[in-house]
Amino acid sequence: MAPRGFPYADLQSFIAALEEAGELRRVTVPVDPTLEISEIVTRTVRAGGPAILFERPTRGDMPLVINLFGTEKRMAMALGVDRLDEVGERIGAIAKPELPVGWSGIREGIGKVLQLKSMPPKKVKTAPCQEVVLRGDEVDLNRLPGLQVWPGDGGIFHNFGLTHTKHPETGKRNLGLYRLQQHSKNTLGMHWQIHKDSTAHHAVAERLGQRLPVAVAIGCDPVVTYAASAPLPADIDEYLFAGFLQGERIEMVDCVSVPLQVPAEAQIVLEGYLEPGERLPEGPFGDHTGYYTPVEPFPVLHIETMTMRKKPVYHSIITSKPPQEDHGLGKATERIFLPLAKILIPDIVDYDMPASGVFHNCLIVSIRKRYPKHAQKVMSAIWGAHLLSLVKLIVVVDEDVDVHDYNEVAFRAFGNVDYARDLMLTEGPVDHLDHSSYQQFWGGKAGVDATRKLPTEGYTRGWPEEMTMAPEVVSLVDKRWKEYGL
């Protein structure tokens, strides 16, 4: 199904659409970006509340919008669909012909989708994001209403900056979403985690003894913003993916002072470079794990130029233990990439990434079980699949189990498992932010086989029949329900 409601020309048009739909509220009184906004937004998210436009933050000289993606409804609006699964269905319909199984398969699947249905970015000569150009001493990050979200944070952070880099040797572009700590009025700490593509770009630049140019765009249209968060393979251009999602070419403009391009309709752009070998302490930061991440040395972005619209809107996000706004982004990724995950691991019927597991700590998978130890085969395949390698707990259930019904999944995981036989323990890579692993970057993992057991797996007792009510009785009670007065 083709996308509807597009294009959102920019962040302002998406804000207007949300407001018209009753999905956004304006706060007209002054509010402090240090802690106060965080507490307001956290309460709003947990109540299933609207996006918020703070018109008068007490730091900076522009309004701040937040919680744009905090519900599945708003995330679907952002992508121009009624249901998030619609995007995955579009991808699946195109990538349906047989493709090689394995990582090459998922890469080919994405490449085929983009080749057939997307359009490359369109270069423009002038852009709203460059209506105001500040250089040198004019650059001042204090013009932005950056947030301090938690009392123990190391200072002000800019949490929704879309970071652009290029591979110094191949010229391949990368778009990523990383937190940015404000060190001074013109420097930022770049929290580039070890598994991220920008980290690889920086490593090559340092090996060559070169500065790495960087451009950070804040306040892009919702499709580009989502694409920055999507777990795409390194050789897939995020702007091709955004073009596929939006059904229109994304307009890009050359930066003023670095050899990079940014979305023409962005609100604010920070242009600068990383000096090879330079690091500064970054953190602590209250992250989506629910804990403060420790202080670590990270690269420093020196901002030479700051461009913006004449009337920009600053976009940010709150991080905390779930539920929080990133639920919408994570759920979109789950549904959009399901067809591609099935190319990579054809055994998968459906999967769910619980928000309480911060999306990468736990994966619930349903399979059509066909042979002994099929569940364990799927676990091993998941741990070998790109960023799914970071999953710490995999629960495998039969195809008739709704993976999104956590009560049903728990019933199977608690009752269908002999933990002496059905538990797989291993070690492997974990997320950079994982605090539970005894060594940073790697730790223990578990796979739980909660499927029905087969005689060929050594289960010889005869698996019991599950209780279900007779369909005619269910139908009778449905018809008479009002009579019962219950």
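This is a dialogue on how to read selected features of one predicted model.

Colleague: Before looking at any residue, what is pLDDT, and what is its mean for the protein chain?

Modeller: pLDDT is the predictor's confidence in each residue, from 0 to 100. In this protein chain the mean pLDDT is 89, and 93% of the residues reach 70 or more. Because this is a predicted model, local features need pLDDT of at least 70 and side-chain atom pairs count only at pLDDT 80 or more, while totals for chains, interfaces and linings use all residues. Residues are numbered from 1 along each chain as its sequence is written, and side-chain values use heavy atoms, with hydrogens and water left out.

Colleague: Over which residues does pLDDT stay under 50?

Modeller: That holds for residues 1-5, for which the model has 12 contacts beyond four places in sequence, a contact meaning heavy atoms within 4.5 Å. Where pLDDT is low, the predicted coordinates should not be read in detail.

Colleague: How many aromatic pairs are there, and by what rule do rings pair?

Modeller: Rings of Phe, Tyr and Trp (its six-membered ring) pair if their centres lie within 6.5 Å; planes under 30 degrees apart count as stacked, over 60 as edge-to-face and the rest as tilted. By this rule the count comes to 8 aromatic pairs. One of them is the stacked pair of Phe14 and Phe69, with 6.3 Å centre to centre and 20° between the planes. This pair links distant parts of the chain, since Phe14 lies in helix α1 (residues 11-20) and Phe69, 55 residues apart from it, in the loop between β3 (64-66) and α3 (72-78). Helices (H or I, at least four residues) and strands (E, at least two) are DSSP runs, numbered from the N terminus. Tyr8, Phe14, Phe69 and Phe160 form one aromatic cluster.

Colleague: Are Phe14 and Phe69 buried or exposed?

Modeller: Buried means under 20% relative accessible area, exposed over 50%, and partly exposed in between (1.4 Å probe, protein chains only). Phe14 and Phe69 are both buried.

Colleague: Which charged ends sit over rings?

Modeller: A charge sits over a ring if NZ of Lys or CZ of Arg is within 6 Å of the ring centre and within 35 degrees of the ring normal. Among the cases here, the charged end of Arg90 sits over the ring of Phe244, 4.4 Å from its centre, and that of Arg211 sits over the ring of Tyr273, 3.7 Å from its centre.

Colleague: Where is Arg211 placed, and what does it touch?

Modeller: Arg211 is in the loop between α6 (197-207) and β9 (212-218). Its relative accessible area is 43%, so Arg211 counts as partly exposed. Not counting residues up to four places away in sequence, Arg211 touches Tyr273, Leu274, Glu275 and Pro276. A polar contact is a pair of N or O atoms within 3.5 Å; within protein, one must be able to donate a hydrogen and the other to accept it, and residues adjacent in sequence count only if both atoms are side-chain atoms. The side chain of Arg211 makes such a contact of 3.3 Å with the side chain of Tyr273, and another of 3.2 Å with the side chain of Glu275.

Colleague: Which strands pair with β9?

Modeller: Two strands pair if DSSP finds at least two bridges between them. Strand β6 (residues 157-166) pairs with β9 in the antiparallel sense over 4 bridges, and Thr163 stands opposite Val216 in β9. Strand β12 (residues 268-274) also runs antiparallel to β9, joined to it by 7 bridges, with Leu212 opposite Leu274 in β12. β9 is largely enclosed by the rest of the structure, because 6 of its 7 residues are buried.
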